[in-house]
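Reader: Hi! Could you walk me through this one?
Author: Happy to, let's look at it together.
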Amino acid sequence: MKLTLEIWRQAGPDSEGNFETVQVDDAVEQMSILELLDHVNSKYVESGKEPFAFASDCREGICGSCAMNIGGRNTLACLCRIDRDTSKNTKIYPLPHMFVVRDLVPDLTHFYKQYKSIQPY
């Protein structure tokens, strides 16, 4: 399966970001976006390019660490499948309401600060 991805690339929190277009010629229809990002990174490393930074942990939709904006929708990359409509590009952004550490990795400092302040009673 051939598809085109537009993946957000940002060197750090103080730098400007932009999309990098990636052509994938050997995607498998059953892949999740997370598996596809792993696949792209493997190809990048093999060719000497800098891989994309993104977070993942459980790969089962429980932890939420792979949350990102895919095709204009905030979702978990481990649960989101490849769009079968290959005529349009798939845009992958970091979460829109978060500061970016690098590429698709959000800065969770503010989130954890708010979480710590919650009183469970």
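Reader: Where is Leu108 found?
Author: Leu108 sits in the loop between β7 (105–106) and α2 (109–117). Helices (H or I, at least four residues) and strands (E, at least two) are DSSP runs, numbered from the N terminus. This is a predicted model, where local features need pLDDT of at least 70, side-chain atom pairs count only at pLDDT 80 or more, and totals for chains, interfaces and linings use all residues. Residues are numbered from 1 along each chain as its sequence is written, and side-chain values use heavy atoms, with hydrogens and water left out.
Reader: Why does Leu108 count as partly exposed?
Author: Because its relative accessibility is 33%. Buried means under 20% relative accessible area, exposed over 50%, and partly exposed in between (1.4 Å probe, protein chains only).
Reader: New topic! Which residues of α1 are buried?
Author: They are Ile33, Leu34, Leu36, Leu37, His39, Val40, Asn41 and Tyr44.
Reader: And what covers the buried residues of α1?
Author: The cover includes β1 (3–9), β2 (18–24), β3 (67–70) and β5 (90–93).
Reader: What follows α1?
Author: Gly48 does, and its phi is positive, near 85°.
Reader: Zooming out, how many helices and strands does the chain have?
Author: There are 2 helices and 7 strands, in the order β-β-α-β-β-β-β-β-α along the sequence.
Reader: How much of the chain is buried?
Author: Buried residues are 36% of the 121 residues.
Reader: And what box do the C-alpha atoms fill?
Author: Roughly 50 × 30 × 25 Å, taken along the principal axes.

Methods. Contact means heavy atoms within 4.5 Å.
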